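Thank you all for coming. I would like to walk through one structure this morning, taking the confidence of the model before its details.

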Amino acid sequence: MRKAKSPLQTVPPGHPNDRGGKAQPMLIVEDLRKYFPIHAGPLNRKVAEVKAVDGISFSVVKGETLGVVGESGCGKSTMARLLMHLMPKDTGHLIFDGDAVAEPTGISLRELRRNLQMVFQDSYSSLNPRLPIEESIAYGPCVHGAKRAEAKAIARDLLEKVGLRPELFGARYPHELSGGQKQRVNIARALALNPRMLILDEAVSALDKSVEAQVLQLLGYLKRHFNLTYMFISHDLHVVQYISDRVLVMYLGQIVEIGPVDEIYNSPRHPYTRALLNSRLSMDPDERVETAPLVGDPPNPIDPPSGCRFRTRCPFAEEVCAANAPPLGRSSSPLDHLAACHMAHEGSGHSRANQSPAILRPSIPPVAAPVQRIHA
Ligand SMILES: Nc1ncnc2c1ncn2[C@@H]1O[C@H](COP(=O)(O)OP(=O)(O)O)[C@@H](O)[C@H]1O
Ligand code: SF4
Ligand SMILES: [Mg+2]
């Protein structure tokens, strides 16, 4: 029997909807910034600002998965919401597949939202509790002009694609589903407008490990099937290593390192990335660390340190680190591995500039580092 044609259309490279062509990044972000004002006092005056995202620039290559990591509060979700235009930005430009977003000559926000969708961590609150899940998925296509029957066909097709049989699950309400099933529905809903890129913000973090593995597998299948590009935000460094092609590391509202996943995990150039990677728990007793890889809490984003923001926790900090903010730049090959550290840049004035990462070990252990002993 011939299979019914899927109502969903994919956009493979070279398709007419692939406007910018293969070499055009899916998304270019330039100087994105968001400061949240803090009001206080009887007149509720602005007294300070939280520098949640502070002048970040990067691009997302077509068809890749860009992993985003960093400690809680470093600005990952704010960045994602700014990319989705769920909140106004203070500065910055976005270029989606070669078209400036929300500018007279570019694409509209409505068109951006068809192409760029987001899946959040909280699978329950993302769904309308009063709508059966098939209706929830069909809602987006209806709003964007699809006929009801067409929207329902899209919803049923997507339920099938995310592994939920439409005849069993379509009429169920969100409270009748498990966490993993709800997240599958959220993914289906995000795909209902036939987007080209998904931002997954801690989308698997709340799931049990076995369910997480299934959803990660599903994401891999959907990416291949729909020619998608992913931005995958997670605090789980193991999952990011597994799923990503490139990784972006954030610290206190800024990018400190970006590069191919193997480069970042095997030869990190920034001390923060190295400390973050050392904080991973290992199943191998020989690889467990005894000294705390990262000392203290991140500084207050209202009043970040001058120069390099990591300097208050960095065992290599020197005068130049307080005086000048290190640019996000290339230190050595490969060309697409960038780090914002004076040690990674020749002529920066740092005494260890351009030394191999292997010999960049702190000569004095950080003061007051608590001992973290992990027993098998
Ligand atoms: N709506 C808001 N108003 C004020 N501050 C906020 C708001 N949203 C986030 N923040 C602050 O911005 C910083 C970055 O937050 P967030 O983007 O949620 O970080 P992450 O997702 O990396 O944990 C934090 O210091 C957080 O407290
Ligand atoms: S610039 Fe200085 S303080 Fe910042 S990470 Fe590099 S060595 Fe450490
Ligand atoms: Mg977050």
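Let me begin with the term pLDDT, which is the predictor's confidence in each residue, on a scale from 0 to 100. What you have on the screen is a predicted model, and the protein averages a pLDDT of 87, with 85% of the residues scoring at least 70. There is one stretch to set aside, residues 362–376, where pLDDT stays under 50 and for which the model has 17 contacts beyond four places in sequence. Where pLDDT is low, the predicted coordinates should not be read in detail.

Now the overall picture. The protein has 11 helices and 12 strands, and of its 376 residues, 36% are buried. If we take the contacts between residues at least 6 apart in sequence, 65% of them join residues at least 24 apart.

Let me turn to the sheet. Eight strands form an open sheet with mixed pairing, in the order E6-E7-E8-E3-E9-E10-E12-E11. At its edges are strand E6, residues 116–119, and strand E11, residues 329–330, each of which pairs on one side only. Strand E11 runs antiparallel to strand E12, residues 338–339, and the two are joined by 2 bridges, with Gly 329 standing opposite Ala 339 of E12. Helix H6, residues 179–191, also packs on the sheet, where it touches E6 and E7, and its direction makes about 170° with that of E6.

Helix H1 lies across E3, E6, E7, E8 and E9, and runs at about 150° to E7. How far is H1 enclosed by the rest of the structure? Largely, because 7 of its 8 residues are buried; these are Lys 76, Ser 77, Thr 78, Met 79, Ala 80, Leu 82 and Leu 83. After H1 comes His 85, whose phi is positive, near 60°.

This helix brings us to ligand 1. The residues around ligand 1 include Phe 36, Val 50, Ala 52 and Pro 301, together with Gly 70 and the run Ser 72, Gly 73, Cys 74, Gly 75, Lys 76, Ser 77 and Thr 78. Strand E2, residues 45–60, and helix H1 each supply at least two residues of that shell, and the largest share, 3 residues, comes from H1. By class, the shell around ligand 1 divides into 5 nonpolar, 6 polar and 1 charged residues.

Met 250 counts as buried because 22 other C-beta atoms lie within 10 Å, against the 20 or more that the term requires. Leaving aside the neighbours within four places in sequence, Met 250 is in contact with Val 68, Gly 70, Cys 74, Gly 75, Lys 76, Ile 255 and Val 256. Met 250 and Gly 75 are 175 residues apart along the chain, and yet their C-alpha atoms are separated by 7.5 Å.

Is Ala 102 buried or partly exposed? Ala 102 is partly exposed, because it has 15 other C-beta atoms within 10 Å, and a buried residue would need 20 or more.

Helix H10, residues 271–278, deserves a brief word as well. The buried residues of H10 are Pro 271, Tyr 272, Thr 273 and Leu 276, and what covers them includes E3, helix H8, E9, E10 and helix H9.

I will finish with ligand 2. Ligand 2 is surrounded by 14 residues, and the closest are Cys 308, Arg 311, Cys 314, Cys 321 and Cys 341. The shell around ligand 2 divides into 10 nonpolar, 3 polar and 1 charged residues.

Technical notes. Residues numbered from 1 in each chain as written. Chains lettered and ligands numbered in written order. Predicted model: local features only at pLDDT ≥ 70, side-chain atom pairs only at ≥ 80, totals over all residues. Near = placed C-beta within 6 Å. Helix = DSSP H or I, 4+ residues; strand = E, 2+ residues; numbered from the N terminus. Nonpolar A, V, L, I, M, F, W, Y, C, P; charged D, E, K, R; others polar. Buried ≥ 20, exposed ≤ 12 C-beta atoms within 10 Å, placed from the backbone. Contact = placed C-beta atoms within 7 Å. Pairing = 2+ DSSP bridges. Axes fitted to C-alpha atoms, helices over the stretch in contact; angles between N-to-C directions.
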